[in-house]
Structure formats: C-alpha cells, structure tokens
Amino acid sequence: MTILVVEDEPGIAAFLRRGFEAAGYTVLDTPDGPTGLALAQRDDVRLVVLDLGLPGLPGEEVLARLRALRPSLPVIVLTAKDSVADKVANLDAGADDYVVKPFSFSELLARVRARLRAGDQPSSTRLQAGGVVLDLLARRATVDGRTVDLSSREFALAEVLVRHAGQVLSKAQLLDQVWGYDFEGGSNVVEVYVRHLRRKLGADRIETVRGAGYRFVP
Ligand code: CA
C-alpha cells in the first residue's frame, strides 16, 4: 500500500518515510506540489500526506487540484497553523484530516490507519506477540487475556516494540517513532516508559540489550 508524502522539509520528509516504511507501507515523496499532483494520479497511491507550507504552489492549491483529480483519495494535511479557523478551512477545502506540527509519528499513523481502515485486512488491526495483544483500532491492550490500561504514549511504545518483536530497537528509533522528530524532553524518557510497560505487561517481556536498545521478547 503506497502513501504519497508531499513535504518540502527534508528532515520531516525523511522522518515520515522511515516511519511509514517501518509500519509496512511503501512511500513516494516529493518536496513540491506539481510533482505531488502528478504522483497522486498513480493507481497504487492510496493516501496523501500533504504539507500546506510548500514553496511555489501552496498546499491549499495542491489540495484543491487533488480533489478535482481524485475526489475519493484520502488526504491528511500537515499544518503549522494552530488555529481552529485554519483547520476548519482545510477540512472545507477537502482535507480528510489534519495534523498540527509538531506531531509524533504515532499520532499521524493513527490518522492514516483510520483513513485506510476500509481497505485494511482485519489482521493488520491487531498485533500479537508473547501473550500481548494490541487492538490498534480500539487502542486496547490485553496480556494473557487480561485487559491492561495503557496511556496513549505507552500504547504507542508497546505497538512499536510488539510490531518488531524479537528485534533490537535503539533508543533513537523509539524516540523517533513514539515521540516525534522534534522531541526535546529528557533522554531518559524511553527508560521511564519502558519501566511503565514492564510493570504493566510483565517485566521479562522487554529485554534491555546493553549498548543497543530494547527488544520485545516474543
Ligand atoms: Ca513546509
């Protein structure tokens, strides 16, 4: 399933590519609107993530033309303008949803999944490893059949770990996936949340791999 990213900021475009690829999507990206419009006509493109602040052709104009070209193609707008009036204007102009910068990848991914839900296979809405089951739509976690309460951040961290069960994930990868590209909190936030998850999911389910990161034990 291919996602088209139209974003001119190289750091954010790379962040989105890494995140979507890690979540199993194919990514096409371009820094400019006219190329984005051309790419959006490819049959394999199932969703567009569109930055509004684009050089040359503004994102609003890209959105309007996209709507004329492929009326049913879901478009999620990235916007730095954090005012309700702008958001409403974007939705009126044909965006299906919007995410305000700065955002975490898990927040955007949840919106993307919601938009792609109709075409999703049931299996892709549930993740399962080592007795832990995550229902990605209901955002509900169970451990050996028992429901556990996770905050949205804990759930996002659990999702990344379980999706890559058996693989070592570095602290930087986890920060990128769960907290976002511009997170400026303390570097021990990953340790703190891993500790929370160990308490809730079972201490031996998340292994510390010295000098490398963390691994969910399947
Ligand atoms: Ca921009």
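Is D51 buried or exposed? D51 is buried, because its relative accessibility is 5%; here buried means under 20% relative accessible area, exposed means over 50%, and partly exposed lies in between, with a 1.4 Å probe and protein chains only. The legends below describe a predicted model, in which local features need pLDDT of at least 70, side-chain atom pairs count only at pLDDT 80 or more, and totals for chains, interfaces and linings use all residues. Residues are numbered from 1 along each chain as its sequence is written, and side-chain values use heavy atoms, with hydrogens and water left out.

**Figure 1. The calcium site.** The calcium ion has the protein donors D8 (OD), D51 (OD) and G53 (O), which lie 2.2 to 2.4 Å from it. Donors are N, O and S atoms within 2.8 Å of the metal (3.2 Å for Na, K and Ca); water is not among the atoms, so sites may look incomplete. Along the sequence, the spacing of the donor residues is D-x42-D-x1-G. D8, in the loop between β1 (2–6) and α1, and D51, in strand β3 (residues 45–51), are 43 residues apart, and the pair links distant parts of the chain. Helices (H or I, at least four residues) and strands (E, at least two) are DSSP runs, numbered from the N terminus. D8 counts as partly exposed, because its relative accessibility is 29%.

**Figure 2. The largest pocket.** The space in the largest pocket is about 180 Å³. On a 1 Å grid over the protein atoms alone, a pocket is an open set of points with protein on both sides within 12 Å along at least five of seven lines, whereas a cavity is a set of points where a 1.4 Å probe fits but cannot get out; lining residues have an atom within 4 Å of a point. Grid points are joined across faces, edges and corners, and a volume is the space filled by probe spheres set on the points. Residues lining the largest pocket include S104, E107, R111, R139, L150 and F155. Helices α5 (105–116) and α6 (152–163) each contribute at least two residues to this lining. By class, the lining of the largest pocket holds 4 nonpolar, 4 polar and 4 charged residues. Ala, Val, Leu, Ile, Met, Phe, Trp, Tyr, Cys and Pro count as nonpolar, Asp, Glu, Lys and Arg as charged, and the others, Gly among them, as polar. Domain 1 (2–119) and domain 2 (124–216) each provide at least three residues of the lining; the domain bounds come from an automatic or database domain assignment.

**Figure 3. The second largest pocket.** About 150 Å³ of space is found in the second largest pocket. Its lining consists of R18, A22, V160, H164, L169, Q173, D176 and Q177. At least two lining residues come from each of α1 (10–22) and α7 (171–179), and α7 gives the largest share, 3 residues.

**Figure 4. The largest cavity.** The whole structure contains 1 cavity of 30 Å³ or more. The volume of the largest cavity is about 90 Å³. Among the residues that line the largest cavity are A22, F105, L109, A156, V160, H164 and Q177. Helix α6 supplies the largest share of this lining, 4 residues. The lining of the largest cavity comprises 6 nonpolar, 3 polar and 2 charged residues.

**Figure 5. The hairpin of β6 and β7.** Strands β6 and β7 form a hairpin with 2 residues between them, and G130 in the turn has a positive phi of about 50°. The antiparallel strands β6 and β7 (residues 132–135) are joined by 4 bridges; two strands pair if DSSP finds at least two bridges between them. A129 has V132 in β7 as its bridge partner.

Figure 6. K101 and P102 are joined by a cis peptide bond with omega of about -5°, and P102 is placed in the loop between β5 (97–100) and α5. R139, in the loop between β7 and β8 (140–143), is not a glycine but has a positive phi of about 55°. D144 is located in the loop between β8 and β9 (146–148) and has a positive phi near 50°. D144 counts as exposed, because its relative accessibility is 59%.
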